[in-house]
Amino acid sequence: MYQYNQQLSNPNTNYFIIDSSSSLTHNDVDFKFYSYQNKSNKQLHAGDLIIYRRSGSASEWGNEFYLYGAAEFGEVVREDPETGSNLVQIKHPYLFSHHLMKQNLRTFDWKFRTFKGKWSNFFNMNGITQISKEDFAGLLERQKDQVPEEPELSPEEEAIAVKCYQAEKMESYYINDEAKGVKTYNAVQKFFNDKVKFNYHYKSALTGETNEADLVAVRIVPWVDNLDIRLDPHNGICLTKIFADAFTQGYFTFSDQGHIILSDVASTDPETNKTLNKYKNRKIYMNKEFSPNRKYLQYHREHVFLH
């Protein structure tokens, strides 16, 4: 919450959860611009703080809403008198380290409204819901609590994480080791780790394990091998730690259809060998939209897998 300390200490700051479709047809660009009807929504003002929400109807997660970032509401940059809509610039964007799904919010102690166990009509139908300062701060803490091992990022690194999110939306996956003198690795990992786990519904693609403390977003093509695909979530698979380590070290790989192929080279760890043999010939869950890129799997078989 480092970048919001000034706003949080301002008694005039209001707090909102806003729905964004990140759709150009609605002029919404996540973490950059937000479009809303100024005639019916007069409570939003420059300097207010917002939490981004993707509604169930716009969600990639089977009609389940989620919260995914925060920002400061900026100045109006364009008014459309015909439609009555304003286009607002977004300031100080912050990408959540972990999407907040329903399962992450079951025990959240909402202050602006009593949660009675059902999400229908909990958020306003117009896509703008005013919440309390305590709710805003609590949601930021809740998303960080989901990833206790994640390193603290500098403001410059947080800005890079947001740019990673935006670049991936445009299917632009290249990033260098540095951006304006700032190392990019931790920022990329913040984006990439949660994006891959989110795509796999925070579940191991192989074992079905849902204990997030044991889940890793493993790269198929290693970080150092190809700068052009570092932001591509199709270069990631969600696995448990023991499988992620073995995959990275080349003790097994996957066919294009997702079946495990074990190396003839055994690990020095007996437990790893035992676990791999247990899952021999198993197939990972391959979602049509988020499945690993077959070219990346081929690269792993040819350059990482131990022959």
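This section describes the central sheet of the structure, the helices packed on it, and the cavities and pockets.

The model is predicted, so that local features require pLDDT of at least 70 and side-chain atom pairs count only at pLDDT 80 or more, whereas totals for chains, interfaces and linings use all residues. Residues are numbered from 1 along each chain as its sequence is written, and side-chain values rest on heavy atoms, with hydrogens and water left out.

Helices (H or I, at least four residues) and strands (E, at least two) are DSSP runs numbered from the N terminus, and two strands are taken to pair if DSSP finds at least two bridges between them. On these terms, an open sheet of 6 strands is found in the order β2-β5-β4-β3-β1-β6, with mixed pairing. From one strand to the next, the twist averages 40°, where axes are lines fitted to C-alpha atoms, for helices over the stretch in contact, and angles run from 0 to 180 degrees between N-to-C directions. Strands β4 (residues 66–80) and β5 (residues 85–100) run antiparallel and are joined by 9 bridges. Opposite Leu87 in β5 stands Arg78.

Helix α3 (residues 133–145) lies across β1 (15–19), β3 (49–54), β4, β5 and β6, and runs at about 45° to β5. Helix α5 (residues 185–199) also packs on the sheet, where β4 and β5 are touched; the direction of α5 makes about 80° with that of β5.

Grid points are joined across faces, edges and corners, and a volume is the space filled by probe spheres set on the points. By this rule there are 2 cavities of 30 Å³ or more.

The largest cavity has a volume of about 70 Å³. Its lining consists of Tyr68, Leu95, Phe96, His99, Tyr165, Lys190, Phe191, Asp194 and Lys195. Both β5 and α5 give two or more residues to this lining, and α5 gives the most, with 4 residues. By class, the lining has 5 nonpolar, 1 polar and 3 charged residues, with Ala, Val, Leu, Ile, Met, Phe, Trp, Tyr, Cys and Pro counted as nonpolar, Asp, Glu, Lys and Arg as charged, and the others, Gly among them, as polar. The second largest cavity holds about 60 Å³ of space; the residues lining this cavity include Arg54, Glu60, His99 and Phe198. At least two residues of that lining come from each of α4 (155–169) and α5.

The largest pocket contains about 770 Å³ of space. It is lined by 34 residues, of which Asn193, Lys197, Leu215, Val216 and Ala217 are the closest to its centre. Helix α5 gives the most to this lining, with 7 residues. The second largest pocket contains about 600 Å³, and among its 30 lining residues Asp19, Ser55, Met125, Asn126 and Gly127 lie nearest its centre. The largest share of that lining, 4 residues, is supplied by β2.

How values were computed: Contact means heavy atoms within 4.5 Å. On a 1 Å grid over the protein atoms alone, a cavity is a set of points where a 1.4 Å probe fits but cannot get out, and a pocket is an open set with protein on both sides within 12 Å along at least five of seven lines; lining residues have an atom within 4 Å of a point.
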